[in-house]
There are 2 protein chains.
Amino acid sequence: MSSPPQPLSIDNINPAVVEAQYAVRGEIALKAEELRAKLASDPKAKHELGFDSVINCNIGNPQQLGQKPITFARQVACLTEYPELMDKPEASALFPTDVIERAKLLLGAIGSVGAYSHSKGVPLIRQHVAEFLEERDGFPADPESVFLTAGASVGVSNILQLLISSPQDGVMIPIPQYPLYTAALALNKARPVEYYLSEAKDWEPDLESLETVLATATAAGTRTRAMVVISPGNPVGNVLSRPAMDAILSFCHRHNLVLLADEVYQTNLYERSTRPFVSFKHALLTHPDEALRTKLPLVNFHSISKGQVGECGRRGGYFEIVNFPGPVAEQVYKLASIQLCPPLAGQIGVDTLVRPPKPGQPSYATWKAEMEAIEASLASRASHLAKAFNKLPQLSCNEAQGALYLFPKLELPQKAVEAAKAAGKPVDAFYCLQLLLKTGICLIPGSGFGQAPGTMHFRTTFLAPGTDDYVARFERFHTNFLEEYKD
Amino acid sequence: MSSPPQPLSIDNINPAVVEAQYAVRGEIALKAEELRAKLASDPKAKHELGFDSVINCNIGNPQQLGQKPITFARQVACLTEYPELMDKPEASALFPTDVIERAKLLLGAIGSVGAYSHSKGVPLIRQHVAEFLEERDGFPADPESVFLTAGASVGVSNILQLLISSPQDGVMIPIPQYPLYTAALALNKARPVEYYLSEAKDWEPDLESLETVLATATAAGTRTRAMVVISPGNPVGNVLSRPAMDAILSFCHRHNLVLLADEVYQTNLYERSTRPFVSFKHALLTHPDEALRTKLPLVNFHSISKGQVGECGRRGGYFEIVNFPGPVAEQVYKLASIQLCPPLAGQIGVDTLVRPPKPGQPSYATWKAEMEAIEASLASRASHLAKAFNKLPQLSCNEAQGALYLFPKLELPQKAVEAAKAAGKPVDAFYCLQLLLKTGICLIPGSGFGQAPGTMHFRTTFLAPGTDDYVARFERFHTNFLEEYKD
């Protein structure tokens, strides 16, 4: 007989929730929110704080920072929301014909965006995803193995929930990692099994160490179920080389690990000739080991939140399961069913992502110009910021090969380390909090992602439009900080 | 040291996922999907099957069944998707001024629907929800206690995940219940603690039994954390009386249970004078026991999927936490943060739900007419169907007081019970599967929701437009079934 229930308190709720951390929206992000509110409501705040705006470089949220949406995607979304508009005589002047055709095609398959769809997502949109995958990977894809999701995160959480049976189960994750993974593992009461990315080798995983990492986990009683790879990388902006991918595939096959390939940045590429994006699906199906091609279970994730479209708020994405035994695939479907269906606006976003206007269609020129302008702007800001960081003392930064982030390395004086210790914070968190309070720049400390012991970093997006302002504020702060904490 | 990992199989994934059941999208729903595909692709199928369409009465999905969306909501959604439209000269002819004003107001607060919002939801929309709650309940509501969600289900899942710490934890749920609850409890590895609704008393909970149910669970080692109440009820269509609500509040307070009030059908009411909707928030804050008002933790859930708007596919809703200790409320926020943010289209749907056009505004007359037409049509179909069921032998049905469902009781002959046993199915599942195969009508058997031992039921929505066709097919089947299995 158990003791009678106590009043609700922090001491008797799920400890897994209490322990989960999500640095991207952690203490520093909350403080930034507070400063933004203060600046908006109090005209004296900018004098008091010494800056007139918060520069949000903590979250990959392009449209919050002024990136314009892709017109084609939004026009299609607009008409699917209010189909009567298509019947008005004004419609043909307001919308290109390919937009109207797409909206009609989708509505024919969907019925209404206000209805629950199939739990895996609208069959026609999954068919379009399968066609996209076939063109991208060079191999047919099965629409029944494609699951539309409310962004990649919910897909990752579902797959982890499916794979994890007990608190002894573990999942290999890169360090540094995107903290969704540690948070989802914490919520599922599972163990992160950490493998390191090597900063000296352009953040390529430390392949030699994989066997040791796994063996050590096994020796500690961990049953490792899966391996997460993020390429292009968050937070480090690397793009995996093909030899590294092949080695990872062999490693997973050798140890019966399910490979989870987070490929949401697959079109954010800055060194396309030397570091093109190769999907893990393609690498799997062209791997020299033939047994592996039909055996190794792979889940690949994509999203409309990133890339050039940056439609985070719609909550759309998909994952494809490959080499999943039928009964396990059925359980993936059941889990999706319990969640009813992904938001239709997100599903429609996926459709316009995987099936953009083609040459010759009325929307093509605008679409192409918009995509290229966003890509050029991201590339230029990435390079501008990396150069600025590399000019500063005690700071070094790999160039971004992909994704939306830089992950510069800090070398801070011992006096700063001690001041941070006195403040009860990791030193990079201490640095980032000071930066926010003195300049309004909001970054995430490397300790929120994990990093090699003894190193210090921060992650910054390069999405904020005023790079010069950012760099000027940052330089001033960094110089003063080093001066203040000089040993 | 653990044994080396085995290849992925149904035997080594999370047993909690394997065991979770969700009847609303279970075997019969899958079979219905198959029949629909067959009818769509094979011109001979209708002769072979003996019917020309599947009638979906298994899911509360109004717009799938032809219910028209509310114009105001869709016009606002349309303009927030494609704001440039407002600047076109045609806009003023195409959209009423209050639609344009609302879209501008929302976009001013949101920025872009393609951006992540605050994890709790757009602050302005939460402010509007708080104003709605204040008007509904007669007491101020705090926007910081309002969490927008991707529908009520995800809110329920999050709160259950927060409350459940161990496999000994339990949550009281009504029987019959909406199977989201048993599925979420199974996924969280917690125990359902079942209390019965009394069919003879218009599905009012069996209040006398609550203490016994709880004591029995406690004696079995269960730490009961919370109690779920669904009113208006799913699947049974009851609306709780105020005395029952007061008794439930006292019971929860006495035993330190968190009260989870699923009120997503709060505007689907068919006996407004005798069974008005009273919110648990209002009942809590006007409860005679003063200590309870400031102590009992309550979560109340609402959704845009139900009511008259029926916008299931947008995935929008909210919950409000009341009397939650600050540190626990912070954990609710953190959990929301890990999930980034609810879909913006859903959030905008919540805004138009809680702040519809007012008398005197250009959209008011249309809005009012649309809402009333939907309500009248639901009321008429509910009553038509209940009457038809009550005319048939071996079938009895309470009238719906609220929600979108009837839950008629079947009394089937022993021969049918034996045939079902031979087929390895509960007898109501056997009946519903036969019904589907012979008529195309898709219902959910009572065993999918839970029911008093020895009783048999099914749940039907009254959303399908062709009630006469439904009734005709049903009567023919039911009569033949009783004849076929006559003892």
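Trainee: Where is B:Pro235 found?

Mentor: In the loop between E6 and helix H11 (242-254) of chain B. Helices (H or I, at least four residues) and strands (E, at least two) are DSSP runs, numbered from the N terminus. Some ground rules before we go on. This is a predicted model: local features need pLDDT of at least 70, side-chain atom pairs count only at pLDDT 80 or more, and totals for chains, interfaces and linings use all residues. Residues are numbered from 1 along each chain as its sequence is written, chains are lettered from A and ligands numbered from 1 in the order in which they are written, and side-chain values use heavy atoms, with hydrogens and water left out.

Trainee: OK. What is the peptide bond from B:Asn234 to B:Pro235, cis or trans?

Mentor: Cis, with omega near 10°. There is also a cis bond joining B:Ile175 and B:Pro176, with omega of about 5°. B:Pro176 sits in the loop between E3 and helix H9 (180-187) of chain B.

Trainee: Switching to the record. Which residues of chain A does the UniProt domain annotation cover?

Mentor: Residues 96-473, as "domain: Aminotransferase class I/classII large", from an unreviewed entry. UniProt positions are in the numbering used here, feature names are shortened, and annotations may be inferred rather than shown by experiment. Over that stretch of chain A, 44% is helix and 16% is strand. Its end C-alpha atoms are 44 Å apart.

Trainee: And the two chains? What rotation superposes chain B on chain A?

Mentor: One of 180°, with 0.0 Å of shift along its axis and an RMSD of 0.0 Å. That is the relation of a two-fold axis. The copies are superposed by least squares on C-alpha atoms of residues with pLDDT of at least 70 in both.

Trainee: Which residue of chain B comes closest to the rotation axis?

Mentor: B:Cys78, with its C-alpha at 2.2 Å.

Trainee: Why do the copies meet through the same surface?

Mentor: Because 100% of the interface residues of chain B are also interface residues in chain A. Contact means heavy atoms within 4.5 Å.

Trainee: Now the sheet. What is the strand order in chain B?

Mentor: E2-E9-E8-E7-E6-E3-E4-E5, an open sheet of eight strands with mixed pairing. E2 (146-149) and E5 (204-205) of chain B are the edges, each pairing on one side only. Two strands pair if DSSP finds at least two bridges between them.

Trainee: How do E4 and E5 of chain B pair, parallel or antiparallel?

Mentor: Antiparallel, over two bridges, with E4 spanning residues 191-198 of chain B. B:Leu197 stands opposite B:Pro205 in E5(B). Over in chain A, E3 (residues 169-175) and E6 (residues 223-230) pair in the parallel sense over four bridges. There, A:Gly170 has A:Thr224 in E6(A) as its bridge partner.

Trainee: Which strands does helix H14 of chain B lie across?

Mentor: E2 and E9 of chain B. H14 covers residues 326-338 and runs at about 20° to E2(B). Helix H8 (residues 152-163) of chain B lies across several strands, including E8 (298-303), to which H8 runs at about 160°. Axes are lines fitted to C-alpha atoms, for helices over the stretch in contact, and angles run from 0 to 180 degrees between N-to-C directions.

Trainee: New topic, rings. How many aromatic pairs are there over all chains?

Mentor: There are 44. Rings of Phe, Tyr and Trp (its six-membered ring) pair if their centres lie within 6.5 Å; planes under 30 degrees apart count as stacked, over 60 as edge-to-face and the rest as tilted. Take B:Tyr431 and B:Phe477: their centres are 5.2 Å apart and their planes at 70°, so the pair is edge-to-face. B:Tyr431 is in helix H18 (residues 427-439) of chain B, B:Phe477 is in helix H19 (residues 467-484) of chain B, and they are 46 residues apart.

Trainee: Are B:Tyr431 and B:Phe477 buried or exposed?

Mentor: Both are buried. Buried means under 20% relative accessible area, exposed over 50%, partly exposed in between (1.4 Å probe, protein chains only). B:Tyr431 also forms an edge-to-face pair with B:Phe481, at 5.0 Å centre to centre and 75° between the planes.

Trainee: Last one. What is phi of A:Asn323?

Mentor: Near 60°, a positive value in a residue other than glycine. A:Asn323 is partly exposed, at 25% relative accessible area. A:Gln394 also has a positive phi of about 60° without being a glycine, and A:Gln394 is partly exposed at 40%.
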